[in-house]
Amino acid sequence: MENCSQTDFVKSHENFIRRAGDPNLIKEAAKLAENLQQLETATKTIGQHASKFDSKTGSQGNGYRSLVKIGKILRFRCIEAMEACQAEGNNTLRSWSAAVACYTEILNLAVRLHSLNPTSLHPHQDSSTFHRFKQLSKEALDLDVSPMYAEAVAFNYEDNCRRLLYTMAVSFASLSDVSGGSFTSKMKRLQSSGYCWDYMLDPEALGKKIHNISRDRQVDFVKSFFNFTENRFVSSLRLLPSCSTSYVHRLDFRSISVPRSSDGSQFTVPIPSSRIRKNHVDVRLVTDFRTLEMLGSCLCSVYCRCEIRSPSPYMLVHVHGGGFVAQTSKSHEDYLRQWAKKTEDSNTVSRLQFSSRGSLSKGYRRSTVQLLLDAE
């Protein structure tokens, strides 16, 4: 998907024009081609500068590179849409064209952001152009991104993940109709959405609903949706893989010093700071064995049947997503236990936990993971 070029699309578009007999389809395909050409221009502009912001460790990754990568995936999905339109008569070109136009607007905002700050990924508040950064942020908030949640929802994921995320999007939209407000207002919302059937049958209705939720609903609603799996009743229905230890430990923030690999001099990792003024992070320790000095107690119910070993020389640190808003390690414990059981030598799995109030600052996330795994 990432290697899909504009030339690939042009070839597919020419084949589509030769075979399509419907003038409306040809018109929509032409509009899609026009929008993709604008996307290509914006992508090239960003791509010229992306490498300047790569990590000093040599890792080729930053926000600008991600924007370019997603643009290539979007182009590939548009080729798929044209092929599906020819083979199945499934006309989604208008929806994909709207998604391309929307993403191009996002890229153009990124181009303007780079022009204001060509040497750094983050603006400086004391900069003379900071008010222009604030204006760009307002324009980004005012964008109508509903096309990105319609036919194109989760387009940058593999097909099996896309189906799952589409189901989550429908559930998210449906939950908003039955939560908050009076009984009368809930019934009105349900009737206007055909009792949520519109979200399953009409991708554009789904996109508009998701877009409106992101603007009108409070963060608590989003948290309640993504934390649903941590509900006590739902958790009681889950069958987790067995393991010896699943223990949550509090780590207080403190400054540490490590030797530089280049010259051996000491580098001090500062104490992370956060606007929410948290001074600790919770870590869940998951293992399928015990050591004599391991934190916490085992999960055996009556008597300990755990295998006692010497400490493992390896540790896998996992940092889950959630935007510093939703979910804790409890939501991810299933596959963490599987990793602990299947990883060679039953390595310890330690996972940094984001509390529902975002207790982990971004600074802590970067410094910790780079120290232990040399990667973010």
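Predicted model: local features only at pLDDT ≥ 70, side-chain atom pairs only at ≥ 80, totals over all residues.
I then examined Cys304, whose closest cysteine sulfur belongs to Cys306. The two sulfur atoms are 3.8 Å apart, which is too far for a bond, because a disulfide requires a pair within 2.5 Å. I noted the exposure of two cysteines as well: Cys304 is partly exposed, with a relative accessible area of 47%, whereas Cys78 is buried at 0%.

**Helix α2.** I checked the length of α2, which covers residues 23-50. Its 28 residues should span 40 Å at 1.5 Å a residue, and I found the end C-alpha atoms 40 Å apart, so the two values agree. I also looked up which α2 residues are buried; among them are Leu25, Leu32, Leu36, Leu39 and Ile46. The buried set of α2 also includes Asn35, Glu40 and Thr43.

**Second largest pocket.** I recorded a volume of about 1,600 Å³ for the second largest pocket. Its lining comprises 33 residues, of which Tyr149, Tyr157, Leu165, Ile210 and Phe226 are the closest to the centre.

Which helix gives the most to this lining? I found that α6 does, with seven residues. I listed the elements that each supply at least two lining residues: α5 (130-142), α6 (159-178), α9 (203-216) and α10 (219-226).

How values were computed:
Residues numbered from 1 in each chain as written. Heavy atoms only, no water. 1 Å grid on protein atoms, 1.4 Å probe; cavity = no way out; pocket = protein on both sides within 12 Å on 5 of 7 lines; lining within 4 Å. Points joined across faces, edges and corners; volume = space filled by probe spheres on them. Helix = DSSP H or I, 4+ residues; strand = E, 2+ residues; numbered from the N terminus. Buried < 20%, exposed > 50% of the residue type's maximum accessible area, 1.4 Å probe, protein only. Expected span 1.5 Å × (residues − 1).
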